[in-house]
Amino acid sequence: MELGLSGKNALIIASSQGLGKAIAKKLAEQGVNVMISSREENKLEVVKNEILEQSKGKIKYKACDIKNNKDIQELVATTIHEFGSIDLLVNNAGGPPAGTFEDMTDEDWQHSFELNLLSYIRMIREVLPHMKNNGSGKIVNIASSSVKEPIPGLILSNTFRTGIVGLTKTLATELASYQILINTVAPGRISTDRVAFLDETAAKKHGLTIEEMQRKVKSTIPLGRYGEPEEFANYVSFLLSDLNTYMTGQTFLIDGGMVKSI
Ligand SMILES: NC(=O)c1ccc[n+]([C@@H]2O[C@H](COP(=O)([O-])OP(=O)(O)OC[C@H]3O[C@@H](n4cnc5c(N)ncnc54)[C@H](OP(=O)(O)O)[C@@H]3O)[C@@H](O)[C@H]2O)c1
């Protein structure tokens with residue numbers, strides 16, 4: 001099946017590791033010109049060289065702290081300067097601190113709002129005029145399975161990521177006449193540094209080894225294992241591709257069956 005991605009221009013946020021990097025790699029393999037970004041220029045340089053080996057498109061990088069609106073504006077301007085247009089946007093961010101309601105200060109709430117929700121809003125605002133000019137576009141917002149089933153001890157994720165779902169659903173209607181399709185993807189347990197950190201935190205809390213903790217988590221996943229970033233990237237690539245012509249405003253769980261709600 002031809003994905004029709006070759007020659008498209010993509011901006012992938014928070015892509016120096018984990019899910020963002022896997023998506024950048026997958027798109028580059030499909031001939032997409034990819035702008036990768038995160039706060040750390042050194043990490044981006046390494047990722048660029050790694051991706052280039054298999055890439056059929058151009059790879060550029062620019063450092064951007066997505067909590068800073070000026071950085072966002074400069075990132076979008078640079079992408080337009082390099083590629084001429086932005087056809088595909090993947091919004092992503094670092095995970096918020098773990099903890100319960102009573103653990104969180106105003107600063108924690110403000111931090112997570114800016115990192116996990118406001119950055120998506122600002123990025124879309126900045127990219128939108130370019131997609132409207134093109135007369136088409138695809139946006140994928142990365143959230144979490146917490147939008148379907150709140151995760152104990154992750155109150156900041158549970159709160160702000162449901163905002164992404166509301167944003168996505170609303171924009172799907174507002175942007176449909178421009179042929180801009182927008183969806184949310186909600187990872188369950190995909191093997192990345194973030195998940196390793198969450199397992200380590202939970203293991204300490206419950207007095208378990210990391211291996212014991214992971215066995216416990218895996219026993220709650222019908223497919224019996226964590227997902228691989230590449231599997232996650234396959235689904236995102238489909239949503240960004242020319243094959244996705246009729247799905248917009250949706251939230252897709254990528255979780256091996258972990259979330260139990262219908
Ligand atoms: N993996 C999963 O199964 C899973 C499940 C549920 C939710 N999620 C969420 O999905 C997102 C991606 O997950 P992941 O596992 O790939 O996480 P990860 O391995 O921790 O990667 C996070 C990425 O965010 C970047 N980043 C962090 N703060 C940033 C900032 N202020 N500005 C720009 N970039 C920033 C990091 O790069 P630098 O450090 O270089 O800036 C890194 O590239 C996270 O929000 C995570 O909580 C993941």
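Four helices, α1 (18–29), α4 (106–134), α5 (155–175) and α6 (193–206), each contribute at least two residues to the lining of the largest pocket. Keep in mind as you explore that this is a predicted model.

**The largest pocket**

- The largest pocket holds about 910 Å³ of space. Its lining has 42 residues, and those closest to the centre of the pocket are Asn92, Ala93, Gly94, Gly95 and Arg194.
- Helix α6 gives the most to this lining, with five residues.
- By residue type, the lining of the largest pocket is made up of 18 nonpolar, 15 polar and nine charged residues.

**A nonpolar patch on the surface**

- Turn to the surface and you will find a nonpolar patch formed by Met1, Phe238, Leu243 and Met247. Together these residues have about 410 Å² of accessible area.
- One of them, Met247, sits in the loop between α8 (229–240) and β7 (251–254).
- Met247 has a relative accessible area of 30%, so it counts as partly exposed, the label for values between the buried limit of 20% and the exposed limit of 50%.

**Two residues with positive phi**

- As background, most residues other than glycine have a negative phi.
- Ala14 has a positive phi, near 50°, and is a residue other than glycine. Look for Ala14 in the loop between β1 (9–12) and α1.
- Gln179 is not a glycine either, yet its phi is positive, at about 60°. Gln179 belongs to the loop between α5 and β6 (180–187).
- With a relative accessible area of 48%, Gln179 is partly exposed.

- Ile155 is located in helix α5, one of the helices that supply at least two residues of the lining of the largest pocket.
- The relative accessibility of Ile155 is 22%, so this residue counts as partly exposed.
- How far apart are Ile155 and Pro97 in sequence and in space? They are separated by 58 residues in sequence, while the distance in space is 9.0 Å, C-alpha to C-alpha.

Terms used
Residues numbered from 1 in each chain as written. Predicted model: local features only at pLDDT ≥ 70, side-chain atom pairs only at ≥ 80, totals over all residues. Heavy atoms only, no water. Patch = residues over 30% accessible without salt bridge, like charges linked within 9 Å, V, L, I, M, F, W, Y side chains within 5 Å. Areas by Shrake-Rupley, 256 points an atom, 1.4 Å probe, with all protein chains shown as cover. Salt bridge = Lys/Arg side-chain N within 4 Å of Asp/Glu carboxyl O. Buried < 20%, exposed > 50% of the residue type's maximum accessible area, 1.4 Å probe, protein only. 1 Å grid on protein atoms, 1.4 Å probe; cavity = no way out; pocket = protein on both sides within 12 Å on 5 of 7 lines; lining within 4 Å. Points joined across faces, edges and corners; volume = space filled by probe spheres on them. Nonpolar A, V, L, I, M, F, W, Y, C, P; charged D, E, K, R; others polar.
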